[in-house]
Amino acid sequence: MAPQRPDGAGAVPSVVESPAPNPSDQRPLYAALDLGTNSCRMLIAQPMGHQFQVVDSFSKSVQLGQGLESSGKLSRASMNRTVAAMRICRQKLQRHKVKHMRLVATEACRRASNATQFIRQVKRETGLRLDIITPEEEARLAVISCAPLVNKKTTQLLVVDIGGGSTELVWIDLTNVPKKERSGAIMRLHAGFDSDPGAFAGAKVVDWISVPLGVATLRDQFHDVEDDAARFALMSWFFEENLEKFAPTSEIQDRKGFQIIGTSGTVTTVAASHLGLRRYDRTKVDGLRMTTDQIDAVIRDYLSLGEVGRRNDPRIGRDRQALIMSGSAILQALMRLWPTDRLSVADRGLREGLLYAQMSAHGVLDDAPS
């Protein structure tokens, strides 16, 4: 499948964790559910100033896209696993009496020939309505969720979201945006990559692309290659070939003023491995800056461990070990094209973007301080 491309070319709230809402708190609750190729994840939150406070969450590996690469369909088993997970989500939504929600599905449902049947099954068995979003909206939501991590010195920004079934890249030019307004300029892209910023200085989207290769789909394409190192190399070069038409790849990028923000389980796992964390700690990972050399060192370590070693490595975890090398292959390809001393790790993504978009539309967030 060819990469999907467009025809033409405030700051997001910080996440404040909390185990439960205050019963006397009258602020409305919002929910965001991201059903990807591999995982079903949901956040329930309430606005708090210019931030939002997370009051409940859910995450489950459902492997919705298992077998999709070969059959073109969602399997009965994967659909049933996903429906079971969404029943749990429904219970949480009912328990918290959530009235405002956006529940979305991404690449697996975009590609599957029986996606409509699956959406109907979800509605019939859980009462929840899933929207299949476009690649552009997926990319846009990932971008706005990462706005707080944009450095004031950044003039050229690349946001990368490595998903289970697809990878989105968005290149943004901030040259004409005042330093203090750059995060806000990124946030205003929630209206669209080619939207008019009005009286505000606008962030210019130079190019964006959605490549239908994520950690699950890329792994499935090369599952028949037995040698671990050879499989990794083939995955990395294959992904790079799929970026050929992405305009910025033809330019030599000066590291000064250039920043990459990576949002995905792959990037956060690599960061946790770099830090030597035996137990994942979001506060240490989100916003961490890594260099190309540091990322390469972690990936070399993964390769030296081999499949058995990675499976038993507590830094990776058993749930992610099957996908970490395909994700690392994507990350290495990006580092070859755009070596940087400033890759910012983002433990945030579609769910946070969905929450911001809803709260912003309802006017329940205060303006972020400049």
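A residue is counted as buried when its relative accessible area is under 20%. By this criterion, in the predicted model, buried residues account for 54% of the 370 residues in the chain. Helix 9 (residues 265-275) illustrates the criterion: eight of its 11 residues are buried, so the helix is largely enclosed by the rest of the structure. The buried positions of helix 9 are T266, V267, T268, T269, V270, A271, A272 and S273. At the start of helix 9, a side-chain oxygen of S264 comes to within 3.3 Å of the backbone nitrogen of T266. Just after the helix, G276 adopts a positive phi of about 75°.

Overall, the secondary structure of the chain consists of 13 helices and 12 strands. The chain exposes about 16,400 Å², of which carbon and sulfur atoms supply 47%.

In soluble globular proteins, nonpolar side chains tend to be buried together. In the present model, the largest nonpolar core comprises 45 residues, and L158, L169, L334 and W338 have the most contacts inside it. The element that gives the most to this core is helix 12 (residues 324-337), with eight residues. Another core lies apart from it and has 39 residues, including F52, F193, I261 and L354.

Strand 3 (residues 39-48) and strand 4 (residues 51-61) run antiparallel and are joined by 10 bridges. Within this pairing, L43 stands opposite S57 in strand 4. The two strands form a hairpin with two residues between them, and G49 in the turn has a positive phi of about 65°.

Most residues other than glycine have a negative phi. Exceptions occur in two loops. In the loop between strand 4 and helix 1 (68-71) lies Q63, whose phi is positive and near 50°. Q63 has a relative accessible area of 30% and is therefore classed as partly exposed. K97, in the loop between helix 2 (76-95) and strand 5 (100-105), has a positive phi of about 55° although it is not a glycine. With a relative accessible area of 69%, K97 is exposed.

D34 belongs to strand 2 (residues 30-35) and is buried, with a relative accessible area of 9%. When residues up to four places away in sequence are not counted, D34 touches S39, C40, R41, V104, T106, L350 and R351. One of these, T106, is 72 residues from D34 along the chain, and the C-alpha atoms of the two are separated by 7.7 Å. Q156 is found in strand 7 (residues 156-162). Because its relative accessibility is 16%, Q156 counts as buried. The side chain of Q156 makes a polar contact of 3.4 Å with the side chain of T175.

Side chains of opposite charge can pair when their charged atoms come close. A search of the whole structure gives 21 salt bridges. Among them is the pair formed by E240 and R336, with an N to O distance of 2.8 Å. E240 lies in helix 8 (residues 228-241) and R336 in helix 12, so this pair ties together parts that are 96 residues apart in sequence. R336 is partly exposed, at 30% relative accessibility.

D220 is paired with R219, and the closest N and O atoms are 3.1 Å apart. R219 counts as partly exposed, with 26% relative accessibility. The side chains of R315 and D313 meet in a salt bridge at 2.7 Å, N to O. D313 has 9% relative accessibility and therefore counts as buried.

How values were computed: Residues are numbered from 1 along each chain as its sequence is written. This is a predicted model: local features need pLDDT of at least 70, side-chain atom pairs count only at pLDDT 80 or more; totals for chains, interfaces and linings use all residues. Side-chain values use heavy atoms; hydrogens and water are left out. Two strands pair if DSSP finds at least two bridges between them. Helices (H or I, at least four residues) and strands (E, at least two) are DSSP runs, numbered from the N terminus. A nonpolar core is a set of buried Ala, Val, Leu, Ile, Met, Phe, Trp, Tyr and Cys residues joined through side-chain atoms within 4.5 Å. Buried means under 20% relative accessible area, exposed over 50%, partly exposed in between (1.4 Å probe, protein chains only). A polar contact is a pair of N or O atoms within 3.5 Å; within protein, one must be able to donate a hydrogen and the other to accept it, and residues adjacent in sequence count only if both atoms are side-chain atoms. A salt bridge is a side-chain nitrogen of Lys or Arg within 4 Å of a carboxyl oxygen of Asp or Glu. Accessible areas come from the Shrake-Rupley method with a 1.4 Å probe; for residues, only the protein chains shown count as cover. Contact means heavy atoms within 4.5 Å.
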